[in-house]
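The sequence and coordinates come first.

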Amino acid sequence: MLRPGGALLLADSVPPGGAPGRMFARVLRRFEHLADNLADRLPAVLTGAGSAEVAEIDRHPTVLLPLAFLRGYKPGIS
């Protein structure tokens, strides 16, 4: 749980770019636990859970899937 005004920072695998990456992602989508990651749904999930100002603050390539770094805040302190 976050206190009001607290920040949540997390890293998540996201859909790859380019034709080879999209083909690789198509194979990985068969694994249910990766489907939401590859559909880039995490920002919407965080917003739906009450986080405010959810934003991708950075992205880094890796060998398999890029990592996105996300930040969201719990509303409550101005």
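Val14 is buried, with a relative accessible area of 2%; buried means under 20% relative accessible area, exposed over 50%, and partly exposed in between (1.4 Å probe, protein chains only). The model is predicted, so local features need pLDDT of at least 70 and side-chain atom pairs count only at pLDDT 80 or more, while totals for chains, interfaces and linings use all residues. Residues are numbered from 1 along each chain as its sequence is written, and side-chain values use heavy atoms, with hydrogens and water left out.

Val14 sits in the loop between strand S1 (7–13) and helix H1. Helices (H or I, at least four residues) and strands (E, at least two) are DSSP runs, numbered from the N terminus. With neighbours within four places in sequence set aside, Val14 is in contact (heavy atoms within 4.5 Å) with Asn37, Leu38, Asp40, Arg59, Leu65, Pro66 and Ala68. Val14 and Phe69 are 55 residues apart in sequence, and their C-alpha atoms are 9.8 Å apart in space.

**Fold and sheet**

The protein chain holds three helices and three strands, in the sequence pattern β-α-α-α-β-β. The C-alpha trace spans about 45 × 25 × 15 Å along its principal axes. Of the 78 residues, 23% count as buried. Among contacts between residues at least 6 apart in sequence, 56% join residues at least 24 apart.

The three strands form an open sheet in the order S1-S3-S2, with antiparallel pairing; two strands pair if DSSP finds at least two bridges between them. S1 and S2 stand at the edges with a single partner strand each, so one side of each has no neighbour in the sheet. Neighbouring strands are turned by 20° against each other on average, direction ignored; the axes are lines fitted to C-alpha atoms, for helices over the stretch in contact, and angles run from 0 to 180 degrees between N-to-C directions. A hairpin of six residues joins S2 to S3.

| Pair | Sense | Bridges | A facing pair |
|---|---|---|---|
| S1 and S3 | antiparallel | seven | Leu10 opposite Leu70 |
| S2 (52–60) and S3 (67–73) | antiparallel | six | Arg59 opposite Ala68 |

**Core**

In soluble globular proteins, nonpolar side chains tend to be buried together. Here the largest nonpolar core has five residues: Ala25, Leu28, Leu34, Leu38 and Leu65. Such a core is a set of buried Ala, Val, Leu, Ile, Met, Phe, Trp, Tyr and Cys residues joined through side-chain atoms within 4.5 Å. Helices H1 (18–28) and H2 (32–38) each supply at least two residues of the core. Leu65 touches Ser13, Val14, Pro16, Phe24, Leu28 and Leu38, not counting residues up to four places away in sequence.

The model has one salt bridge, defined as a side-chain nitrogen of Lys or Arg within 4 Å of a carboxyl oxygen of Asp or Glu. The side chains involved are those of Glu56 and Arg59, at 2.8 Å from N to O. Glu56 is partly exposed at 38% relative accessible area, and Arg59 is partly exposed at 36%.

Ser51 lies in the loop between helix H3 (42–48) and S2. Ser51 is buried, with a relative accessible area of 15%, and touches Leu46 and Tyr73, not counting residues up to four places away in sequence.
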